[in-house]
2 protein chains.
Amino acid sequence: MNDVVTRTPTAAPTRRERILQEAARLFAERGFHGVGVDEIGAAVGISGPGLYRHFAGKDAMLSELLVGISERLLAGGRERVAAATGEGGGPAAVLDSLVDGHIDFALDDRALITLHDRELGQLRDSDRKQVRSLQRQYVELWVEVVRALHPAAGEAEVRAAVHAVFGLLNSTPHLGRPGALPGRDATAALLRRLALGALASLSGGAEG
Amino acid sequence: MNDVVTRTPTAAPTRRERILQEAARLFAERGFHGVGVDEIGAAVGISGPGLYRHFAGKDAMLSELLVGISERLLAGGRERVAAATGEGGGPAAVLDSLVDGHIDFALDDRALITLHDRELGQLRDSDRKQVRSLQRQYVELWVEVVRALHPAAGEAEVRAAVHAVFGLLNSTPHLGRPGALPGRDATAALLRRLALGALASLSGGAEG
DNA sequence: GAAATGTGTTAACGCTCATTAACCGAGCAA
DNA sequence: TTGCTCGGTTAATGAGCGTTAACACATTTC
């Protein structure tokens with residue numbers, strides 16, 4: 001019925017894709033329970049129940065959004081690790097690339113980044129497990145690289161630090177709407193410096 | 001009817017206080033809309049409608065929680081700025097104290113920290129404005145100190161950095177439940193290093 | 001001791017809202 | 001032309017849930 005993933009981002013978006021996009025925006029703005037199906041339908045020019053021609057239900061939209069972003073994050077991370085490693089870059093170069101990739105996600109898919117940890121609890125058990133698994137694998141990608149850079153730090157410490165850096169990078173939704181910062185590039189540069197600055201502090205401290 | 005704030009934290013907690021505490025926990029776990037009044041009542045040993053003897057409604061509980069945490073954050077921040085300044089500490093000492101204070105909040109009131117940005121949208125307009133105002137004042141406290149430490153950085157840049165550091169410090173709810181890190185002190189020490197490390201990167205970079 | 005007050009209870013109300021039913025027109029294949 | 005599929009529509013259904021009503025009972029107050 002639907003090919004779900006097989007489409008190039010250019011070309012006019014499918015109705016199905018527009019629904020997902022608008023649903024993501026609305027869910028991020030007012031929460032999953034805070035937005036009704038009629039509203040989502042209206043946002044794409046059809047009426048509430050019309051959505052059921054494209055999705056099994058409201059839950060299915062959220063599932064697809066969260067599983068999708070988790071998969072893209074992990075796939076992007078793996079690509080970057082492979083690419084930077086292939087170019088003969090050391091752990092530092094790999095980390096740089098991971099940070100840049102995550103910043104791209106955070107800036108381009110604000111709504112999804114927000115949903116990603118806000119609405120995880122609304123998923124069916126099986127979907128939540130899948131998302132958690134993907135998240136875990138993504139975290140491991142970072143943990144390995146950071147451990148290579150800071151061999152003296154304990155594993156638990158590094159894992160906590162990675163989570164904290166995600167919190168830092170995912171703070172973009174809180175940066176006042178209009179554009180408190182000059183532009184995208186400046187914001188990206190700032191986040192990169194902050195993240196690397198935080199992780200740099202891992203060497204030379206007392207560990208727990 | 002209720003004295004709302006006038007109680008010392010020691011001594012047996014009032015029923016009213018227990019309700020707020022349990023509501024905070026449940027809201028953080030499953031979202032404001034995800035938990036019913038019957039459930040909150042059950043958590044404190046009374047039945048759903050019994051809550052209305054203590055609060056005007058479910059919304060009122062959330063309001064009191066969010067306004068309360070915002071007020072305590074701001075009050076705590078102001079005290080620390082005054083104290084550290086009074087002791088003749090420079091901006092660095094003041095920042096250290098602010099960081100420590102925020103970490104205490106993040107570790108001791110995890111549920112509230114989570115709610116603080118998750119459920120802001122569910123508040124009545126007036127309450128949301130009040131919380132936003134308190135948040136803004138708290139941010140300003142930090143911005144002033146950080147600007148004193150990094151005079152070359154632009155104001156917008158510093159403000160964004162402060163928000164990002166909040167994201168980092170508030171990441172504690174994401175550190176796997178059981179206790180991924182050895183203990184509270186180790187976690188606090190790690191967060192402190194990460195936060196100061198991030199902010200240290202503000203000097204000497206290109207600004208936006 | 002009577003009245004007021006504070007704090008519970010259970011039952012009923014009413015609204016919101018996701019989902020389903022029933023129906024319909026446009027393309028398009030045989 | 002006939003008939004199937006696709007993607008819409010509006011109306012009905014049914015559950016969940018916040019809130020209110022009506023009542024009960026202890027404790028305090030006068």
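Of the 15 residues around DNA strand D, the nearest are Arg15(A), Arg53(A), His54(A), Tyr52(B) and Lys58(B); a residue is near a strand if one of its heavy atoms lies within 4 Å of it. This is a predicted model, in which local features need pLDDT of at least 70 and side-chain atom pairs count only at pLDDT 80 or more, while totals for chains, interfaces and linings use all residues. Residues are numbered from 1 along each chain as its sequence is written, chains are lettered from A and ligands numbered from 1 in the order in which they are written, and side-chain values use heavy atoms, with hydrogens and water left out.

Which parts of DNA strand D lie within 4 Å of the protein? Of those atoms, 56% belong to sugar or phosphate and the rest to bases. A polar side-chain atom of His54(A) is 2.7 Å from a phosphate oxygen of DNA strand D. The surface near DNA strand D consists of 6 nonpolar, 5 polar and 4 charged residues. Here Ala, Val, Leu, Ile, Met, Phe, Trp, Tyr, Cys and Pro count as nonpolar, Asp, Glu, Lys and Arg as charged, and the others, Gly among them, as polar.

Now to the other strand. Around DNA strand C there are 15 residues, of which Tyr52(A), Arg15(B), Ser47(B), Arg53(B) and His54(B) come nearest. Polar side-chain atoms reach its phosphate oxygens at 2.6 Å from Arg15(B), at 2.7 Å from His54(B) and at 2.9 Å from Lys58(A).

Residues 13-73 of chain A are 64% helix and 0% strand, counting DSSP runs (helices H or I, at least four residues; strands E, at least two) numbered from the N terminus.

How do the protein chains fit together? Chain B can be laid on chain A with an RMSD of 0.0 Å by a turn of 180° and a shift of 0.0 Å along the axis, superposing by least squares on the C-alpha atoms of residues with pLDDT of at least 70 in both. The two copies are thus related as by a two-fold rotation axis. The same surface serves both, as 100% of the contact residues of chain B recur in chain A; contact means heavy atoms within 4.5 Å.

Terms used:
Polar contact = N/O pair within 3.5 Å; in protein donor to acceptor, adjacent residues only side chain to side chain.
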